[in-house]
Amino acid sequence: ENQPMWGAIDCVPCEVGHYQSEGGQSTCLRCERGTYADKRGSDACEPCPAGKTTEGNGFSSLTDCECPPGTYKNEVAGSCIVCGHGAICNGFGGAPEAKIGYQLSEVSPDGLSIFHCFADPQRCPGGPLGTCAAGREGIACASCEPDKVPSSKGECENCGTSGSGPFAVAVMVVCGSLSTLYFLMRRQDRARQSTTILMLTVMFSQSISAVQMMGICGQMSVQWLDPIRQVLQFLKVFALDIEVLRMSCVATLSTLELYLIKLFTIPLGTMYLVANHMVFVTIWGQKRFREHRPALVGSVGVLFMAMFITMCMAILSPFQCNLHPNRKWTLVQHEDLECWNGGEHTSMIVVGCLWLAMPLGSIAAVVHLMRIFPQRISAGDVQFLNTYSFLFSRIKPETRWFTLVFLLRNLFVALVPSIPNAIWQIIVIQCLFAISVGLTLCFKPWRLPASNALEVFSQVCILALVSFSAFFIRETEVQNVAELALVVVMVCLAAFPAGGFFVIWRRVRPRHKPYQWFLCHHKSTSGAFARLLKISILESNQSCSGSVFLDSDNLSDLSTLFRYVKDDTKTLVVLATPGVLLSPWCLGEITTAFLGKVEALPVQFAEFVFPDEEFIINLKSTISWDRLSENGISSAHLEDALRWFGGLRGVSVPAVFGQLGLTEVTNGVVGTISKAGTSFSSSMRGTVSPGGRRAGMLPTNIILVDITNREAVAAALILVKLLTPLLAHDAMQIPSILEPDDQVDEMLALVISKVTGAKTTAPTQEFRLNLILLCTTGCFAGDYFLLNLLYCACLVVESVVPVVASEDFQFPTDVFYTTLEASVSALCLSSGAVEKPKLLTVFVKSIFEKIFSRFSTMGNIETLELQTRMIWRNIDQARCRLSESAMSEEDLVVVLKITSEHSTRQGASGASDNGSVTPTSAQGPAEEESEYKDSADEVQSI
């Protein structure tokens with residue numbers, strides 16, 4: 001009660017909505033927010049039920065207690081329920097409404113059912129229950145009303161008279177494009193394709209891939225804003241989103257039917273190409289279907305490669321779902337269909353799993369084609385290359401596997417929208433493109449440099465687009481970002497101690513060094529020998545395959561060369577030629593082995609002399625110290641290392657060697673050399689050739705090489721070894737190296753028969769001479785090389801293949817032929833024969849009129865194997881057929897005179913004047929001298 005007036009006789013009770021708890025007061029107090037007083041004279045206000053409040057002060061009834069803002073009233077239970085994400089609840093009896101970009105589909109005692117309008121927030125303007133933009137209906141306002149199509153501002157408009165026009169235009173454009181594709185593939189010819197056409201083709205394929213990948217960005221769970229949202233919406237057409245073509249104006253189709261149409265788009269395109277092929281071959285191709293099959297296979301392959309991302313996206317679309325605030329899932333591309341709720345979605349999942357066989361089968365087919373590519377190319381199957389040019393024409397042969405990298409990248413990118421969290425979508429797609437950019441920069445797979453640059457540029461642009469998408473993530477996922485940032489920080493901090501423990505563990509554990517032998521060599525003086533020695537080591541010990549380090553095969557970064565010696569090598573094999581002691585790299589390898597306590601084995605050549613003290617002291621002023629100083633090698637280190645190296649025992653190699661000498665060197669390196677020792681052989685005579693032919697028989701395939709050049713002989717032996725597995729089916733075809741006096745009786749018998757017309761005493765089968773002429777610097781100036789070339793010029797040569805095995809070999813010019821004629825004249829005069837300077841000119845000119853092959857022993861083993869296949873292909877297919885000998889009868893007599901004089905010298909000395917050859921045979925010296933004398937007597941009698 002209170003006494004509101006002076007002089008009042010008694011107190012007046014407080015009105016409802018007011019209270020007064022103390023006596024003697026002149027006024028009553030209004031009930032605070034959240035309380036009420038429904039009786040007069042109340043000394044206290046009653047609190048509202050839990051979860052409710054009043055809109056202000058002084059309320060007088062329980063009915064004035066309403067749900068506060070952010071909640072709404074449950075009409076059944078009378079309690080207040082939190083609105084949740086995407087809804088607006090003003091409270092105090094007001095009905096809940098949806099925010100802009102959301103749709104309120106149901107108000108139930110369990111809560112509000114809110115759908116998020118992911119693709120286009122404008123189609124959900126917010127407001128009361130079921131509100132959608134004009135012309136829209138269904139879950140998340142994703143569907144247009146019948147006979148309507150999407151328009152601007154998220155609304156739908158009537159189809160009008162031209163409703164099916166875009167669809168019809170699209171069909172005609174696709175059909176015209178496929179017909180053009182088939183026409184272009186029918187005219188495909190790799191040999192005549194210009195660089196401009198190749199560049200345009202690559203640019204077109206890269207642009208198609210980039211557009212499809214940008215379309216995938218539009219499928220991510222990101223709230224893009226205009227104008228980029230409209231662009232990404234348009235690019236959905238490249239993801240086979242046929243609804244963009246006003247498909248609802250053509251026919252009313254269910255979600256499952258639309259999905260099946262997408263899946264059959266590419267097979268229908270394939271059928272259209274087949275129809276084009278059938279019509280063309282029937283009318284213009286004289287029904288030669290097999291002959292024109294490459295055009296069909298190529299066009300279908302281009303279609304599959306170009307649409308691979310789209311095909312994967314279409315197949316995987318049932319697995320791409322968005323989570324709404326009401327905890328329900330709907331399809332990304334069809335938001336009006338709930339996921340994992342049976343019905344159409346289950347049918348789509350089953351169909352999608354079956355259709356996954358298409359992209360996986362495509363990848364398997366590409367793997368098979370990659371596997372058989374080397375065999376088809378080595379067999380000269382150009383039709384195979386033209387048929388599958390969509391795989392091989394744009395990519396370099398050595399990086400042909402990169403096609404698989406692109407396919408797998410595209411497959412994983414198509415899987416990204418299936419990840420339900422936008423943060424993880426961004427992370428995964430960034431990782432995929434970062435790896436792709438790194439591999440492209442590392443291997444540069446495209447044939448044209450501009451294509452590599454364009455590929456990297458397009459992928460960097462997509463990476464930037466994906467990075468920008470992080471600014472459009474919904475606020476509810478900010479917590480995920482914070483958690484991910486915490487993981488990144490923890491991983492970064494843990495990486496340093498983990499790396500330290502790993503380094504210590506590698507140091508203390510017993511470690512297997514990957515390379516048993518490291519071949520240290522000077523390229524210009526023993527590069528070919530190093531390659532030959534590696535091949536020979538691997539042949540002698542199959543278990544050590546891959547454990548021989550040769551820089552041209554195993555070194556990718558020059559700065560890590562010394563680390564390989566110190567950490568990864570058991571034995572440093574030093575091919576000791578004079579150039580080794582002048583090469584900073586070789587000296588650094590020897591010093592690193594010394595400092596790292598790595599075993600070393602010198603392979604000493606005849607011209608090599610171990611360094612003495614004077615040489616060691618003066619070496620500091622004769623070499624470049626840049627590379628050595630960069631790796632911490634001082635002059636004191638180098639001097640100590642050379643003194644250590646000079647005291648090592650190793651294997652010796654003669655100036656000129658053959659297969660037997662190579663075997664002895666190999667055995668010395670691998671540690672299987674006989675304790676008794678064996679003298680090195682400088683000839684292959686008296687041994688069995690690789691083809692199983694005894695050395696006493698004249699071969700049909702021979703290699704002519706300058707035997708005074710050790711590197712040239714090594715290159716010839718490498719060629720024989722690499723040809724051996726290629727000719728395993730016909731071992732008699734394996735070439736032999738022709739040495740100065742090799743098979744002299746058979747050669748002379750054939751030459752004598754030319755002069756006398758007598759029947760030769762050589763083997764009775766028809767003789768065919770295939771000559772591999774190994775051209776090296778100065779080879780045409782050597783007497784023995786010219787002598788063997790004279791033998792060959794006397795015979796009917798079926799094929800001659802010049803092989804350039806020296807980088808500085810000068811191709812024949814007028815000066816070359818002048819020098820050649822001077823050398824031949826000197827050979828004639830020294831033998832007492834008639835001077836015939838042009839004895840070899842016609843024959844040599846006929847050789848170099850033909851195509852030549854390169855054989856670079858400095859390249860890696862893959863390049864050498866490819867060059868070997870090309871050499872044999874030139875022998876087997878591009879033969880230089882000559883019906884008669886290149887020499888007249890008078891020339892043949894001169895050759896016999898030279899041969900007679902040469903045989904007499906060999907019989908007298910048992911060795912060449914210049915000491916280049918020391919023949920080894922099962923016969924003794926007396927028998928050898930008798931053999932040469934008999935040959936000379938026979939020639940002299942002619």
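Which residue in β19 is the bridge partner of F518? In the predicted model described here, local features need pLDDT of at least 70 and side-chain atom pairs count only at pLDDT 80 or more, while totals for chains, interfaces and linings use all residues. Residues are numbered from 1 along each chain as its sequence is written, and side-chain values use heavy atoms, with hydrogens and water left out.

The bridge partner of F518 in β19 is L572. Helices (H or I, at least four residues) and strands (E, at least two) are DSSP runs numbered from the N terminus, and two strands pair if DSSP finds at least two bridges between them. Strand β17 (residues 515-520) is joined to strand β19 (residues 569-576) by 5 bridges, and the two run parallel. β17 also pairs in the parallel sense with strand β18 (residues 548-549), over 2 bridges; in β18, F549 is the bridge partner of F518. Of the 6 residues of β17, 5 are buried (under 20% relative accessible area, with a 1.4 Å probe and protein chains only).

These pairings belong to an open sheet of 5 strands with parallel pairing, in the order β18-β17-β19-β20-β21. β18 and β21 (651-653) stand at the edges with a single partner strand each, so one side of each has no neighbour in the sheet. Helix α23 (residues 659-670) lies across β17, β19, β20 (599-605) and β21, and runs at about 160° to β21. Such angles run from 0 to 180 degrees between N-to-C directions, with axes fitted to C-alpha atoms, for helices over the stretch in contact (heavy atoms within 4.5 Å).

Cavities were also examined. A cavity is a set of points on a 1 Å grid over the protein atoms alone where a 1.4 Å probe fits but cannot get out, and its lining residues have an atom within 4 Å of a point. The count comes to 10 cavities of 30 Å³ or more. The largest cavity holds about 170 Å³ of space, a volume being the space filled by probe spheres set on the points. Its lining has 16 residues, of which F118, A119, G218, M220 and V222 are the closest to its centre. The elements giving two or more residues to this lining are α2 (195-219) and α3 (228-234), and α3 gives the most, with 3 residues.

How values were computed
On a 1 Å grid over the protein atoms alone, a cavity is a set of points where a 1.4 Å probe fits but cannot get out, and a pocket is an open set with protein on both sides within 12 Å along at least five of seven lines; lining residues have an atom within 4 Å of a point. Buried means under 20% relative accessible area, exposed over 50%, partly exposed in between (1.4 Å probe, protein chains only).
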